[in-house]
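Colleague: I have a model open on my screen and would like to learn how to read it. Could you walk me through a few features?

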Amino acid sequence: MTFWYVVAFIFGINIGSFLNVAIWRLPRGGSIAAPQWSYCPRCEHRLGALDLIPVLSFLALGRKCRYCNAPISWRYPSIELLTGLLFVAVVWRDRATIDSIFDCLFIAALVCVFFIDLEHFVIPDGLNVLAVLIGVAHNVTNIALGRPGQMTHVAGLPMPVSIAGALGYAAVIYSIGLLSYIWFTAIVGKRKGPLSAGWDYLKENVLDWLWIALYYLGAVIPGLRKRIPEPEPLEGITAEEIESDEDMSGMGGGDGKLAAAIGANLGFMLAFQSFVWSIFIGTAWGLITMALQRRKLTGRTAIPFGPSMVLGVLVAMFFGPAILAWYYNAFIRPILNAPAAPPVTPGSAPSTGAPETMVPTGGHGNKTLGALVPNSAAVRMCLAAINQMQTVPNRISAPAPASLL
Ligand SMILES: [Zn+2]
């Protein structure tokens, strides 16, 4: 495995170097593809191969641009190192499997989302669309490989887990966005009736999705692109602008699109778990911001939720099953007098894979946990989440729920 960790790390710091470019250019309306070379953001001198070795160039050049002596931000080598370490973590979780490649791509998109949203209060649509496609491609690959747990049922209809996850998590975030929009504009602001506020919110977000879908379909269907106006270049906004705009409240549309991207990659169960973590993280973030700025946190304090969602994903992906197994063993198992959850070992479970409990399994023996514990939704969700990181022989089998939602 050490060999694969080294490969992942070297691959990661190089991808990180590319992400630095994306994080700089995307929110400034630039293209990742043009110009094809990297340049110093101050003197715009084209950088040579020796200037572009991840981390090492930064140290060798004495933290300065070779051409204009402008100091290079610590952020560049930090993002390279961070990406390298995250890729190692992915290989620890997935082993050297095809899943690790898809998960590394997903994590790379999340690194961009984290730093762009943090600085500019915006998540470029292209990143979310890309991440959704990564999740769907991962799912489709696993279906083609005949791996279990790649399909689920929503309201009785079979559906790939990536689609169900995207729709499910997006629905969670948009519901919160809708309610908070109605709260701020209709109940508190009294500028609209609650129904018309709700209608406005839905209309705006549905149109948003429609335009994005048409625009990116235009990349595949040439005739379409000419008819679709290019989306306005995303402009970042400042915290002050958000706080003074009364119509802007709660979770932004960008968070809903990010939720779709996360759900497509994690499946609904793990995505929902990541949401719970991001609520904790976002709250702590708000309290810390409040303490640092020495002011009262109000409904109008702008804190981007995207970075919390990204951190929630990292907790859920890397520690979630272990935390849930601990919780299950400590609190749920004694009450139900059920067997202990097996130790959580990172393994070859497909990431987009719905937990095994999502598909009819036909039973893995008689004395399965599922046969012993009541068929309650809470226990099923808990077992399902623990199962997500288990190698197949370790999985706990439980009765399949009729549908996901
Ligand atoms: Zn320079």
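Modeller: Gladly! Keep in mind that this is a predicted model. Let's begin with the inside: the largest nonpolar core has 60 residues.

Colleague: Which residues have the most contacts inside that core?

Modeller: Those are Ala 109, Leu 110, Val 111, Cys 112, Val 113, Tyr 169 and Ile 262. At least two residues of this core come from each of α1, α3 (75-94), α4 (98-120), α5 (125-144), α6 (161-188), α10 (253-293) and α11 (306-318).

Colleague: Setting aside neighbours within four places in sequence, what is Leu 110 in contact with?

Modeller: With Val 310 and Val 313.

Colleague: Where is Glu 44 found, and is Glu 44 buried or exposed?

Modeller: Look in the loop between α1 (2-25) and α2 (56-60). Glu 44 is not a glycine, yet its phi is positive, about 60°. Glu 44 counts as exposed because 10 other C-beta atoms lie within 10 Å, and the cut-off for exposed is 12 or fewer.

Colleague: And what about Val 55?

Modeller: Val 55 belongs to the loop between α1 and α2, and its phi is positive too, near 60°. With 16 other C-beta atoms within 10 Å, Val 55 is partly exposed.

Methods: Residues numbered from 1 in each chain as written. Predicted model: local features only at pLDDT ≥ 70, side-chain atom pairs only at ≥ 80, totals over all residues. Helix = DSSP H or I, 4+ residues; strand = E, 2+ residues; numbered from the N terminus. Buried ≥ 20, exposed ≤ 12 C-beta atoms within 10 Å, placed from the backbone. Core = buried A, V, L, I, M, F, W, Y, C linked by C-beta atoms within 7 Å. Contact = placed C-beta atoms within 7 Å.
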